[in-house]
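Biologist: I would like to learn how to read a sheet and its salt bridges. Can we work through one model together?

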Amino acid sequence: MKEKILDNTFIHYWINDHSTSDICLFFSHGVTADHRCFQRQDEFFKEKYKIINWDIPMHGQSKKENFIFYKECALLMKRILDKEKINKVVLIGLSLGGYPSQMFAHLYPGSTMGLVAIDTTPFGLKYYSNSDIFLLKQVGWSTKCFPTNLLKKSMAKSISKIKYSYELMMEMLNESSKDVIARQMEIAYSKFILENQDIKLDRDILVLLLLGDSDKTGKIKQYCMAWQKETNYPLHIIKNASHFSNSDNSESVNDEIENFIKKICKV
């Protein structure tokens, strides 16, 4: 994977330039993490498809890039595709990464082959109660109440089921101070509250929802079930996996993505 920087930004992304595949997978990671979330997907798919894996604004190597809105993230994603002369993508968003992925699919339906939403939640006013919104507003400042080491360890433990996932999350968290982590979480969720809207994706865009069977992060399970009920998108449960399901059970998630791509190619 070759690291690149988007022109006139601090956005870093990685791409397997050697691939000649017509199918491109665009990965977006979760809050406080970075592109390394998808190590096991990079390894599995890099010889099969073209891959773009980026650090979203304020994260990883893109820390210097200000986070404005998820719409802005989608615009940055489109700029990356334009630079690489890629017309269509399969979007794969983990947790917070599901938001820029959904926004991209909403803004650029003609450039979207499909969307895989992993342990994430939907845009839509109907899904979130006033109490949900209140709790989201508390995420940033409440994070600062924890001692740094306890904060990082508890975050990594809460989203992981296996040692590999825990250690990978700790590796990413240890590159940020507590203040940076609190700021990332505050910005990420406050922007979601401000930008949340009823989004109806083009019916030609295939969507797959994946959820770890042990994902106890917030009300994600409840949101995913409501999302599936509202849209009839298929919701597949990943066994032996927590919130970081693509790492906890990468074999199952990779198989799900592979089968999803095959389904897209038949349409």
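Biologist: Which residue in strand 4 is the bridge partner of Ser28?

Modeller: Strands of a sheet pair through backbone hydrogen bonds, either parallel or antiparallel. Here the partner of Ser28 is Trp54. Strand 3 (residues 24-28) and strand 4 (residues 50-54) run parallel, joined by 5 bridges. Strands are DSSP runs of E, at least two residues; helices are runs of H or I, at least four; both are numbered from the N terminus. Two strands pair if DSSP finds at least two bridges between them.

Biologist: What should I know about the source?

Modeller: This is a predicted model: local features need pLDDT of at least 70, side-chain atom pairs 80 or more, while totals for chains, interfaces and linings use all residues. Residues are numbered from 1 along each chain as its sequence is written, and side-chain values use heavy atoms, without hydrogens and water.

Biologist: In what order do the 8 strands lie?

Modeller: The order is 1-2-4-3-5-6-7-8, in an open sheet with mixed pairing. Strand 1 (2-5) and strand 8 (235-238) are the edges, each pairing on one side only.

Biologist: How many salt bridges are there?

Modeller: Side chains of opposite charge can pair when their charged atoms come close. The rule is a side-chain nitrogen of Lys or Arg within 4 Å of a carboxyl oxygen of Asp or Glu. The count is 13. One of them joins Glu84 and Lys4, at 3.1 Å from N to O. Glu84 lies in the loop between helix 2 (70-83) and strand 5, and Lys4 in strand 1, so the pair ties together parts 80 residues apart in sequence.

Biologist: Are Glu84 and Lys4 buried or exposed?

Modeller: Both are buried. Buried means under 20% relative accessible area, exposed over 50%, partly exposed in between (1.4 Å probe, protein chains only).
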